[in-house]
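Okay, thanks for making time, everyone. Let me put the structure up and we'll walk through how some of its pieces pack together.

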Amino acid sequence: MKPMNEEHLAILRRHMVEMIAIHADLASDELGKATLDERVMASMQRVPRHLFVPAAVVPYAYQDMPLPIGFDKTISQPFIVALMTDLLTPQPHEAVLEIGTGLGYQSAVLAELAGQVWSVEIIEEFAGHAEALLQGLGISNVAIRVGDGSRGWPEHAPFDKILVSVAAERTPPALLNQLKPGGRLVLPLASEEGQFLTVIDKDAAGQLETRKLIPVRFSRLETI
């Protein structure tokens with residue numbers, strides 16, 4: 001069988017976005033809304049997910065499922081990527097800190113919506129691969145460094161928004177400190193009941209408000 005061409009992949013990507021829309025509608029009671037932001041959906045339609053997965057799983061790149069990327073890690077399912085991005089509400093003038101670059105798919109989606117993305121990845125091979133992928137796509141507003149994500153990236157703080165794509169039992173204090181007043185942090189938080197996608201808003205006075213949404217499954221945050 002011959003390999004899929006760009007036209008085939010574009011059709012599959014449209015189907016993926018349609019599945020995200022259905023998933024959002026089905027989860028509307030938990031999310032408090034039935035649709036995700038149009039800017040986010042447009043970004044999901046443009047970013048070529050098949051480039052951010054190993055060759056062996058490219059045929060499944062546009063199915064709404066997580067896929068293995070090596071080192072016992074996965075790329076999140078498209079619905080979760082879209083939902084976390086939607087909850088984060090990145091704007092064109094904002095600086096976003098991402099914890100857990102992986103192979104750079106979420107970074108690429110954020111890069112379309114934010115002014116600058118600073119991304120921290122603990123696995124050196126992932127960071128190098130993601131950097132090359134993003135450069136190859138002409139994405140110039142993402143910077144990646146290898147390090148302990150729980151420490152954030154203090155040299156570029158404070159951040160308007162922070163997205164954490166690995167689960168922690170509590171929000172790392174450094175990340176809360178590096179979040180601007182009026183900013184938002186989205187992450188999976190683990191507890192005895194399991195992991196839940198969580199939104200933390202910091203008001204102008206620095207007070208925190210936390211909302212717990214849907215159950216999720218993420219790799220655990222690794223620290224050094």
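So, which residues in α1 meet α3, and which residues in α3 do they meet? Before I answer, keep in mind that this is a predicted model.

On the α1 side you've got Arg13, Arg14, Met16, Val17, Ile20 and Ala21, and in α3 they meet Met41, Met44, Gln45 and Arg46. Sort that contact by class and you get 6 nonpolar, 1 polar and 3 charged residues.

Now, how do we describe a pair like that? Two packed helices are described by the angle between their axes and the distance between the axes. Here, α1 covers residues 6-26 and α3 covers residues 38-46, and they pack at about 150 degrees with the axes 8 Å apart. The crossing of α1 past α3 is right-handed.

Okay, over to the sheet. We have 7 strands in an open sheet with mixed pairing, and the order goes β5-β4-β3-β6-β7-β8-β9. At the edges are β5, residues 142-146, and β9, residues 208-216; each has a single partner strand, so one side of each is left without a neighbour in the sheet. Ignoring direction, neighbouring strands are turned by 15 degrees against each other on average.

Zoom in on β6, residues 159-164, and β7, residues 179-191: those two pair in the parallel sense over 4 bridges.

Definitions and conventions
Residues numbered from 1 in each chain as written. Predicted model: local features only at pLDDT ≥ 70, side-chain atom pairs only at ≥ 80, totals over all residues. Heavy atoms only, no water. Axes fitted to C-alpha atoms, helices over the stretch in contact; angles between N-to-C directions. Left-handed = near helix turned anticlockwise from the far one by under 90°. Contact = heavy atoms within 4.5 Å. Nonpolar A, V, L, I, M, F, W, Y, C, P; charged D, E, K, R; others polar. Pairing = 2+ DSSP bridges.
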